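Visitor: Hi, I have a new model open and could use a hand finding my way around. Could you walk me through it?
Guide: Happy to, let's bring it up.

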Amino acid sequence: MLYADGIHDDTRALQQALDKGGIVTIDRPGTYRITKTLIIHSNTRLTLSPGVRLLAAPLSCCALIENEHFAGGERDENIAIVGGIWDGNCDEMGLDADYESDHREDTPYSPSLFKGKLIRFAHVDRLHLSRMTVRNPVSYGVQIADVYGFVVRDLFFDYNWHFGTTDGVHINGPAYDGVIENLAGTTNDDLASLTTCDESHAEITRGPIENILIRNLSARNGYSAVRLLSACDDAIRNVRIDGIYGDYRHHAVVISNHNDYPGKTWFDNILIENVYARKSNTPLGPECHIKWDVGADNEGFFYFGRKAICGNVTVRNVCRHQPVSTGSPLFYFCDTCRIDRLLLDNVIQTTAQGATAPLWDDRGEIRCLIKRDTFDIP
């Protein structure tokens, strides 16, 4: 029996419905209390009607849903989730935000260990997530690893910023042939992150990432829009980022090795276009997790960080208008960054009267720089 009253435990009844497979529809509005991770199987489509909210029960400390073979051994296929409000209820997990951020690396990833990921999938062929509201996770809203052929679209993030490291959509390699589009709302970390080699608490798998479209991302006073991280000899190739809007405290796009992991890094055929966004000047309130915001005011908007070794990178159709002064350069290149070919096309930065903003901070190596209809840079 499904209660949908937010008081009684609906986990068992929902799991029984999922175990039947096929098309599973939950159409009764209400709050469904979850005390244990729901398991979705291959060839299953879960549709939640408007007004359906899945709520992690206080102290449950579990993901809301994962695929059957999330822990490995076999692969799942043809899984779809459409609709619903997925509420991680982070403030009721009995966790201290500062402690969690300081000690997130103490215990490496394990499939059975709760690390705050709200919706998670691994080892899946053909995965579809759409029209979902993701609310208040302890860590990532959606984590996907070792995936072939995926679509994540029309997601709204409703985070209270009480915890840090709260990505929107976090992809671990290997990952191929994916679309991430129409992400809105504000997280307290990256809206979308592609990571070949992750921190130990989050590394389900590692591997290359190729053929990814990221499109139409928007946030108000967001953290960062897109982060690309390569390490451990695994490359990120053929990524198109099309459409970033709003304002961000840290970056629009980060390309980096993040934690200085060993092995080669490589980014190639990276296209960033249609960016109409700016650096935010709105600080977080005292009730928010602000540890990662120290020094963010001066970080580059397009940030090429440590060991960002790149082949072809194109940035085009960019307009950053800064209403107040900022120390954040539009482009920043770390001293260990190298780009073989960088094309800038129709890149514009403007400021309000009396405001200033730097354009260019190049400490790395750009072997071939091509400019078209852009600002005057060294």
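**Strands, pockets and one threonine**

Visitor: Before we start, what kind of model is this?
Guide: This is a predicted model, so let's keep that in mind as we go.

Visitor: How many bridges does S15 make with S14?
Guide: There are 15, and the two strands pair in the parallel sense. S14 covers residues 209-229. To find the pairing on screen, look for Glu210, which stands opposite Arg237 in S15.

Visitor: And what about S16, parallel or antiparallel to S15?
Guide: Parallel again: 11 bridges join S15 to S16, which is made of residues 267-279. Here Tyr248 stands opposite Lys279 in S16.

Visitor: Which residues make up S17, and how does that strand pair with S15?
Guide: S17 is residues 302-304, and it pairs with S15 in the parallel sense over three bridges. Ile255 stands opposite Phe304 in S17.

Visitor: Switching topic: what volume does the largest pocket have?
Guide: About 580 Å³. It is lined by 27 residues, and the closest to its centre are Glu199, Tyr223, Arg227, His258 and Asn259.

Visitor: Which strand gives the largest share of that lining?
Guide: S15, the strand we began with, supplies four residues, the largest share of the lining. S13 (190-195), S14 and S15 each supply at least two.

Visitor: How does the lining of the largest pocket divide by residue class?
Guide: Into eight nonpolar, nine polar and 10 charged residues.

Visitor: What about the second largest pocket, how much space lies in there?
Guide: About 330 Å³. Its lining has 20 residues, with Glu100, His103, Arg104, Phe114 and Lys115 nearest the centre. By class, that lining has seven nonpolar, eight polar and five charged residues.

Visitor: One more. Where does Thr314 lie?
Guide: In strand S18, which covers residues 309-322.

Visitor: Why does Thr314 count as buried?
Guide: Because its relative accessible area is 15%, and buried means under 20%.

Visitor: Which residues is Thr314 in contact with, leaving aside its neighbours within four places in sequence?
Guide: Ile270, Leu271, Ile272 and Leu343.

Definitions and conventions. Residues are numbered from 1 along each chain as its sequence is written. This is a predicted model: local features need pLDDT of at least 70, side-chain atom pairs count only at pLDDT 80 or more; totals for chains, interfaces and linings use all residues. Side-chain values use heavy atoms; hydrogens and water are left out. Two strands pair if DSSP finds at least two bridges between them. On a 1 Å grid over the protein atoms alone, a cavity is a set of points where a 1.4 Å probe fits but cannot get out, and a pocket is an open set with protein on both sides within 12 Å along at least five of seven lines; lining residues have an atom within 4 Å of a point. Grid points are joined across faces, edges and corners, and a volume is the space filled by probe spheres set on the points. Ala, Val, Leu, Ile, Met, Phe, Trp, Tyr, Cys and Pro count as nonpolar, Asp, Glu, Lys and Arg as charged, and the others, Gly among them, as polar. Buried means under 20% relative accessible area, exposed over 50%, partly exposed in between (1.4 Å probe, protein chains only). Contact means heavy atoms within 4.5 Å.
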